[in-house]
Amino acid sequence: MKAHRIETTLTEDGILIIKDLPFQAREAVEIIIPETQTRPQEANLYPLHGKRPYRYDDPFEPAVPLEDWEVLQ
């Protein structure tokens, strides 16, 4: 069986409308809807992408002075 891939967006909860399919009336078709991980559109997975470049003057130095490390005392 040939596969036809069509991507669409639901306009209402639980209702999917697909038009202009390449099939005839009474032709058997199989519809597979993959599960996708839903996440809010406002959630940005890469918040620094496209932002100004960050510069590290000395990347191997600790972020805080060694005197502040409790474990070394």
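**Pocket, surface patch and salt bridge in a predicted model**

The largest pocket holds about 1000 Å³ of space. A pocket is an open set of points on a 1 Å grid over the protein atoms alone, with protein on both sides within 12 Å along at least five of seven lines. Its volume is the space filled by probe spheres set on the points, which are joined across faces, edges and corners. Of the 24 residues lining the largest pocket, Ile-6, Ile-31, Ile-32, Ile-33 and Pro-34 are the closest to its centre. Lining residues have an atom within 4 Å of a point. The lining comprises 14 nonpolar, five polar and five charged residues. Here Ala, Val, Leu, Ile, Met, Phe, Trp, Tyr, Cys and Pro count as nonpolar, Asp, Glu, Lys and Arg as charged, and the others, Gly among them, as polar.

The model is predicted: local features need pLDDT of at least 70, side-chain atom pairs count only at pLDDT 80 or more, and totals for chains, interfaces and linings use all residues. Residues are numbered from 1 along each chain as its sequence is written, and side-chain values use heavy atoms, with hydrogens and water left out.

The chain has zero helices and zero strands. These are DSSP runs (helices, H or I, at least four residues; strands, E, at least two). Of the 73 residues, 0% are buried. Buried means under 20% relative accessible area, exposed over 50%, and partly exposed in between (1.4 Å probe, protein chains only). The chain exposes about 8600 Å², and carbon and sulfur atoms supply 52% of this area. Areas come from the Shrake-Rupley method with a 1.4 Å probe.

Ile-6 also belongs to a nonpolar surface patch of about 780 Å², made with Leu-10, Leu-16, Ile-18, Leu-21, Phe-23, Val-29, Ile-31 and Ile-33. Patch residues have over 30% relative accessible area and no salt bridge, and nonpolar side chains are joined within 5 Å. Ile-6 is partly exposed, at 42%.

One salt bridge was found in the whole structure. The term requires a side-chain nitrogen of Lys or Arg within 4 Å of a carboxyl oxygen of Asp or Glu. Glu-7 pairs with Arg-5 at 3.2 Å, N to O. Glu-7 is exposed at 66% relative accessibility. Arg-5 is exposed at 73%.

Asp-20, not a glycine, has a positive phi of about 60°. Its relative accessible area is 78%. Arg-26, not a glycine, has a positive phi of about 65°. Arg-26 is exposed, at 84%.

Note on methods. 1 Å grid on protein atoms, 1.4 Å probe; cavity = no way out; pocket = protein on both sides within 12 Å on 5 of 7 lines; lining within 4 Å. Patch = residues over 30% accessible without salt bridge, like charges linked within 9 Å, V, L, I, M, F, W, Y side chains within 5 Å.
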